[in-house]
Amino acid sequence: MVLEATMICIDNSEWMRNGDYGPSRFQAQADAVNLICGAKTQSNPENTVGVLTMAGKGVRVLVTPTSDLGKILACMHGLEIGGEMNLAAGIQVAQLALKHRQNKKQQQRIIVFAGSPVKHEKKTLEMIGKKLKKNSVTLDIVNFGEDDEGKTEKLEALLAAVNNNDTSHIVHIPAGPNALSDILLSTPIFTGDGEGGSGFAASAAAAAAGGISGFEFGVDPNLDPELALALRVSMEEERARQEAAAKKAAEESSKQEKGGEEQDATMTERASEGASEADNKKNEFLALAMSMDEPASSQDLQDTEMSDAAAEDPELALALQLSVQDSAKDSSSQADMSKLLADQSFVSSILASLPGVDPNDPSVKEVLASMQSQSEPQQKQDEDKAPKEEDKK
Amino acid sequence: MSAAESATAIHRNQVDLLDFIDWSGVECLNQSSSHPLPNALKQGYREDEGLNLESDADEQLLIYIPFTQVIKLHSIVVMGSEEDGPKTVKLFANREHMGFSNVSDFPPSDTAVLSQDNLKGKPVVVKYVKFQNVRSLTIFIEDNQSGSEITKVQKIALYGSTVETTDMKGLKKIEDH
């Protein structure tokens, strides 16, 4: 709840084209910026946030510190990638922008996204840091992207020069499967200076720590309802399409009736399995499920995880109901599909028809091989448990 | 002679302006967090020689003191140690929210170079005419006696008179008649 004016310095240099942070470094950065803006404006309505770009033709202030979130998000559109990042100039311009903030009672903070190599000397950065400290400006550094020698050292030196009582932070984010914004959620940049942070940051961090399991598509419906809705609609459309394709294929094969019985059994079996696992080792099992290339089980797990989360959030309960209905359909079709996918020829024909998927791609082949080996023991498991379930019924 | 007399006459009416400081708006740039401004300003803290206001990143300090009412500033006392005490002190009247970057943008209302006597407690008389209508005072400590990295200030005291209060007293006397 600290009253703050924040300037966010974005790196839009050529290095941001790289895709090691999906979908691209620049996009990951933009998502993180959106998240930060939302968090800041939510934690205190009088907070202001401004954005500037450090690369391109030169340092350019896109929006001066304002509390209007829409304006900030709008200015993030149509940004061009190019040039080299000028860290020193960026920070100095940010300091100037903060100096001219309208509400002088706000504390000054600069958040820098350093994705490309830092060409300045350590000395220069230290001097800048001292100047920031002298004017009581706090600095947060997000170190991601390129990691050439000396960059981390320089940024740490800059932080040491600025840091006054642990109010400034640096975060190093390596490339990986997790989104940049998700990792940021758990850092002190979001959680504030040990005050516990805003409710938004805490809940979002908890969700992210649970492995996106709290929310349906990794997007909080409260934060961004339009995006969540768009994702859900597109997911439903895709499921409907897959379901139609699966049904067509099922009619052609003779396994349809047998698959139908086993569907119910596998569904209930997986649901109960998922529930018990979720109660005991939520995160571990989800990680395991994620690594397994079995769409049906992970879907159910997500559903059961969601039911736990939904117990706490009535809004989520509604979303859960919708998704359970969909996934019920989906699981059946997917369980069906898993057996069909065991059939190599069928798989390759499907894959050839899907746009953008090359069946000769080695990664695709790997997935197929793993699915084949998995579907066989699972079928045996299903058949063992199916009679048990039917006895209970 | 008459100037000296009038100077002493003013001395008699001046009060310690500590009571008129608006503490919610007091700011100090470049202070060390373990040695903040109240160590030098607040009653009790400032008398303690062990408690100093110290600078952080370099030797300069920028202190902003708003007042609860309009005052006239007569003199200031800045006490510090022999080496680390402040040397050049610039005073700005009624300039809000200054930063280190704009201290040189406009001339100060008064400048004082502190001698060792001053550091021991001798008040520095300011240009009274420039401080007749002071809502806020900015004290810029530019350097210290020995040129070291850290400036240490033990006590800052402001002496002067308030504008309204003087009027009130005048009214009272008339009423007594």
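Me: In which loop of chain B does Asn52(B) lie?
Reply: The model is predicted, with local features needing pLDDT of at least 70, side-chain atom pairs counting only at pLDDT 80 or more, and totals for chains, interfaces and linings using all residues. Residues are numbered from 1 along each chain as its sequence is written, chains are lettered from A and ligands numbered from 1 in the order in which they are written, and side-chain values use heavy atoms, leaving out hydrogens and water. Helices (H or I, at least four residues) and strands (E, at least two) are DSSP runs numbered from the N terminus. On that numbering, Asn52(B) lies in the loop between helix 2 (38-41) and strand 3 (53-54) of chain B.

Me: Does Asn52(B) count as buried or exposed, and at what relative accessibility?
Reply: With a 1.4 Å probe and protein chains only, buried means under 20% relative accessible area, exposed means over 50%, and partly exposed lies in between. Contact means heavy atoms within 4.5 Å, and Asn52(B) touches His35(B), Pro36(B), Asn39(B), Lys152(B), Val153(B) and Gln154(B), not counting residues up to four places away in sequence. Asn52(B) counts as buried because its relative accessibility is 14%.

Me: Which pattern does chain B follow along the sequence?
Reply: Chain B has four helices and nine strands. Of its 177 residues, 46% count as buried, and among contacts between residues at least 6 apart in sequence, 81% join residues at least 24 apart. Read along the sequence, the pattern is α-β-β-α-β-β-β-β-α-β-β-β-α.

Me: What is the area buried between chain A and chain B?
Reply: Nine residues of chain A are in contact with 11 residues of chain B. Buried area is the accessible area (1.4 Å probe) that two parts lose on being put together, summed over both. Carbon and sulfur atoms give 46% of this area, which is about 970 Å².

Me: Which residues meet in a salt bridge of 2.8 Å, N to O?
Reply: A salt bridge is a side-chain nitrogen of Lys or Arg within 4 Å of a carboxyl oxygen of Asp or Glu. By that rule, two are found across the interface of chain A and chain B. The one at 2.8 Å, N to O, joins the side chains of Asp58(B) and Lys134(A).

Me: Why is the pair of Phe113(A) and Phe144(A) edge-to-face?
Reply: Rings of Phe, Tyr and Trp (its six-membered ring) pair if their centres lie within 6.5 Å; planes under 30 degrees apart count as stacked, over 60 as edge-to-face and the rest as tilted. The structure holds four aromatic pairs over all chains. In this pair the centres are 6.2 Å apart and the planes stand at 85°, so the arrangement is edge-to-face.

Me: How many residues apart in sequence are the parts tied together by Phe100(B) and Phe140(B)?
Reply: The rings of Phe100(B) and Phe140(B) have centres 6.3 Å apart and planes at 70°, so this pair is edge-to-face. Phe100(B) is buried at 10% relative accessibility, and Phe140(B) is buried at 3%. Phe100(B) lies in the loop between strand 5 (88-93) and strand 6 (110-113) of chain B, and Phe140(B) lies in strand 8 (residues 134-141) of chain B, so the pair ties together parts whose separation in sequence is 40 residues.
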